[in-house]
Amino acid sequence: SSRIQPGVTGIGYLLHGSHEETERLMSEHAEGRLRGYTRWRVSRHLVKCEMCRALYQSFLEALRGLRALGRQAPPPKPEIADSVVARIRASEGEPGG
């Protein structure tokens, strides 16, 4: 269960959530899987809390980086280029090549 931060009233907690809750739900929030009151509370906490907002921005950057890894083409292997050049040279020596 989430703990209320020092200096936060029960109403404040109900309206703004907590650091613990926001950190726990960051992934779901980033993926758009939170709904209703929980989504509203996490969003509101991120607006009000500079620390959690900075953590969330770092989380989003890391997520974008991880997603980009799957889209990048692997680097070409030098041995493939060498093989192609060798075949071209070999075909140049053949009649009709």
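1. Let's start with a pair of helices: α3 and α4 are roughly perpendicular to each other (angles under 35 degrees count as roughly parallel, over 145 as roughly antiparallel, 65 to 115 as roughly perpendicular and the rest as oblique). They pack at an angle of about 105°, with their axes 6 Å apart. Here axes are lines fitted to C-alpha atoms, for helices over the stretch in contact, and angles run from 0 to 180 degrees between N-to-C directions. From α3, the contact uses His 45, Leu 46, Val 47 and Lys 48, and from α4 it uses Glu 50, Cys 52, Arg 53 and Tyr 56. Contact means heavy atoms within 4.5 Å.

2. A word on what you are looking at. This is a predicted model, in which local features need pLDDT of at least 70 and side-chain atom pairs count only at pLDDT 80 or more, while totals for chains, interfaces and linings use all residues. Residues are numbered from 1 along each chain as its sequence is written, and side-chain values use heavy atoms, with hydrogens and water left out.

3. Now the overall plan. The protein has 5 helices and 0 strands, where helices (H or I, at least four residues) and strands (E, at least two) are DSSP runs, numbered from the N terminus. Of its 97 residues, 22% are buried (under 20% relative accessible area; exposed is over 50% and partly exposed in between, with a 1.4 Å probe and protein chains only). Among contacts with a separation of 6 or more, 49% join residues 24 or more positions apart.

4. Next, take a look at α2. Its 12 residues should span 16 Å at 1.5 Å a residue, and this agrees with its end C-alpha atoms, which are 16 Å apart. The expected span is 1.5 Å times one less than the number of residues. Just after α2, Gly 32 takes a positive phi of about 75°.

5. Which residues of α2 are buried? They are Glu 21, Thr 22, Leu 25, Met 26 and His 29. They cover an arc of only 165° around the axis, which puts them on the same side of α2; the arc is that of the directions from the helix axis to the C-beta atoms. The buried residues of α2 pack against α3 (36-48) and α4 (50-69).

6. How do these two neighbours sit against α2? The axes of α2 and α4 come within 11 Å and cross at roughly 30°, which makes α2 roughly parallel to α4. With α3, the angle is about 110° and the axes are 10 Å apart, so α2 is roughly perpendicular to α3.

7. Leaving out residues up to four places away in sequence, His 29 touches Leu 34, Arg 39, Val 42, Ser 43, Leu 46 and Tyr 56.

8. Finally, visit Leu 46, which lies in helix α3. Is Leu 46 buried or exposed? Leu 46 is buried, with a relative accessible area of 7%. Not counting residues up to four places away in sequence, Leu 46 touches Thr 22, His 29, Cys 52, Arg 53 and Tyr 56. The C-alpha atoms of Leu 46 and His 19 are separated by 9.1 Å, although these residues are 27 residues apart along the chain.
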